[in-house]
Amino acid sequence: MSAQALPTTVLLVEDDPSDALLITRALTGAAPGLRVEVVSDGQEAIDYLAGRGRFTDPRSRPFPSLLLLDLALPRIDGIQVLRWIREQPSLRSLVVVILTGAASAEQMRAAYDLHVNSFLKKTPLLSVPEVCRNVLGYWVRLNHSPPPRSDYLDASPRDL
Amino acid sequence: MPYDPILLAEDDENDVFIMKRALEKARIVNPLVVARDGLETINYLKGMGTVTAGTPRVPLLLLLDIKMPMMGGFEVLQWVRQQPPLNRVIVVVFSSSRHPEDVARAYDLHANSFLVKRSSVEETAEMLRSMHNYWFCWNEKPNLQAALTRLQDERR
């Protein structure tokens, strides 16, 4: 299996600390050595990807080969973050998986129309560690992510 | 729901054989529809909108090879993504290529996922179990059948 194509860094956008912990453990359980970066709101997610705010140092923002995105976020919600990502030439092909609590049919439609790669709901079963590891394992053990673009580090993204 | 078909776009007979055997081994009961090239794939999908008895059900998943005669996988992907409401169908590029450019292009054209073909039935079956479990049991499915039915009703 081509190691470079499997994810090495995951950006987790999640405001609930216990969910963030569960998800992080599931990811590193499925892929030991995987780096998981956590931000807790939509603006931070954008700052990370754009290299702004507290993420001006390139070392603080390794290229995410997978983005796990909650929808109900403070400041800027998940759909807006997704829309922003798909509008940035250097970021538009990022693998984005929504991982959220309750979501309306309209939010799901909007997400798919914005080419979200996948949409997962936080069911009670998904909070079982082995199950979470198994499900998220699809993205970190099996799926091949796109390579980082050369303009990721010096991206001048359009403002939200 | 177990009867939503899997649409396989694959021109290589060997690979089709491996896929069929692997699906059996993985105990996946969804009907498999095989399109032998890009054009057949698109024609099958176009048939989704016709109001006829026995209209094939919308595939829940399109497993798409890249290199095919007539029309390649990337062209099919591009076409699918421009056809509302079919544009939301789950597309898993299923290729023997690991070239970063191919992976990049697949995602540029909005594939949902990119899996690399395995050479044995056993490895393929294991991959299909994970793939089936993920896309059929966990991923929240875009509601294509309802959207297509609405479209058909509007056309009458």
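What share of the contacts in chain B between residues at least 6 apart in sequence join residues at least 24 apart? It's 68%. Keep in mind that this is a predicted model.

**View 1. Chain B, from one end to the other.** Chain B has six helices and five strands. Start at the N terminus and you can read off the order β-α-β-α-β-α-β-α-β-α-α. So much for the order; now for the surface. Chain B is made of 156 residues, and 56% of them count as buried.

**View 2. The largest cavity, with a volume of about 110 Å³.** As for the kinds of residue in the lining, six are nonpolar, six are polar and four are charged.

**View 3. The second largest cavity, at about 60 Å³.** Around this one sit Asp15(B), Ile18(B), Met19(B), Phe94(B), Lys117(B), Arg118(B) and Thr124(B). Which helix gives the largest share of this lining? That's helix α1 of chain B (residues 13–25), with three residues. Sort the lining of the second largest cavity by kind and you get three nonpolar residues, three charged ones and one polar.

Definitions and conventions
Residues are numbered from 1 along each chain as its sequence is written. Chains are lettered from A and ligands numbered from 1 in the order in which they are written. This is a predicted model: local features need pLDDT of at least 70, side-chain atom pairs count only at pLDDT 80 or more; totals for chains, interfaces and linings use all residues. Side-chain values use heavy atoms; hydrogens and water are left out. Helices (H or I, at least four residues) and strands (E, at least two) are DSSP runs, numbered from the N terminus. Buried means under 20% relative accessible area, exposed over 50%, partly exposed in between (1.4 Å probe, protein chains only). Contact means heavy atoms within 4.5 Å. On a 1 Å grid over the protein atoms alone, a cavity is a set of points where a 1.4 Å probe fits but cannot get out, and a pocket is an open set with protein on both sides within 12 Å along at least five of seven lines; lining residues have an atom within 4 Å of a point. Grid points are joined across faces, edges and corners, and a volume is the space filled by probe spheres set on the points. Ala, Val, Leu, Ile, Met, Phe, Trp, Tyr, Cys and Pro count as nonpolar, Asp, Glu, Lys and Arg as charged, and the others, Gly among them, as polar.
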